[in-house]
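The entries follow in the order in which I looked things up.

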Amino acid sequence: MKRIVFVVFTLLIGSILFAASYVDNEYQRLANSYTAKAEEAFEEGEYDLAVEYTAKAEENAELSRAYIEMMLARADADTQIRVARNRLTWARGIKADVNYPMAYSAGVQAVEDAQAAFESEDYVQAYAFAQAALLALSEVKELVPLPKYYVVRPWAETKDCYWNISGRSYVYGNPLLWENLYQANKSNMEDPNNPDLIHPGMRIEIPSIHGELREGTYNPSGSYTPSANQGIIEK
């Protein structure tokens, strides 16, 4: 009997010390109290009572471990949700809802699911949803807008015509798409029926044909990243 109580008591001390190194909580305090009583009863030779106290200490030590695990999971989930929300705010600020609608919508839904799981105290699932939000939003990149307008320059310098302008990387990267420029601007041309008749100084609009972000007027000294759909002709 003495040997059994001593072994259980030794194992219990180890688990209590492990738990106590994290958080001081109600269950841990009860476990410590019962442990002290068990030790005292053991020293006085009251082995049955020592076994009873040891069992109670063990029970509360287990509750303490569960409580600590829950609190750690809660803290991890809370942190991850905050990170996901911050990423979502950033994504919204760079118009991800327009430029990356699917990734943005997935991120929004995952954050909402994470918050709902957190409120229902399912912290493991809340953490997983927050991670899913970050994964979805990882596809979002900050884009430098392509130009929405272009001012025609002298033919001798640039060979500007709808065909050549359409072929430039900051426009469509494909001269075959020149009619998009023509149709968007012919109402402002001196002769709407003649697509070859564009003059220096004319400000032409570059319509977005693949959902690419376009703002401002083309700056020759600017740096532009071509659209992922550059050069594609829709059929």
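Entry 1. I took axes as lines fitted to C-alpha atoms, for helices over the stretch in contact, with angles from 0 to 180 degrees between N-to-C directions. Helices (H or I, at least four residues) are DSSP runs numbered from the N terminus. I noted that this is a predicted model, in which local features need pLDDT of at least 70 and side-chain atom pairs pLDDT 80 or more, while totals for chains, interfaces and linings use all residues. Residues are numbered from 1 along each chain as its sequence is written, and side-chain values use heavy atoms, without hydrogens and water.

Entry 2. I looked up helix α3 (residues 47-93) and helix α5 (residues 101-119): their axes lie 10 Å apart, at an angle of about 155°. The two are therefore roughly antiparallel, a term for angles over 145 degrees.

Entry 3. I listed the contacts (heavy atoms within 4.5 Å). Among them, R74, I81 and L88 of α3 meet residues of α5 that include Y104, V111 and F118.

Entry 4. I then turned to nonpolar cores, sets of buried Ala, Val, Leu, Ile, Met, Phe, Trp, Tyr and Cys residues joined through side-chain atoms within 4.5 Å; buried means under 20% relative accessible area (1.4 Å probe, protein chains only). The largest has 20 residues, and I81, A91, F118, A126 and V140 have the most contacts inside it. Its largest share, 7 residues, comes from α5.

Entry 5. I checked F118, which touches R74, A77, D78, I81, Y123 and A126, leaving aside residues up to four places away in sequence. A second, separate core of 16 residues includes Y170, L177, Y182 and I198.

Technical notes
Parallel < 35°, antiparallel > 145°, perpendicular 65-115°, else oblique. Buried < 20%, exposed > 50% of the residue type's maximum accessible area, 1.4 Å probe, protein only.
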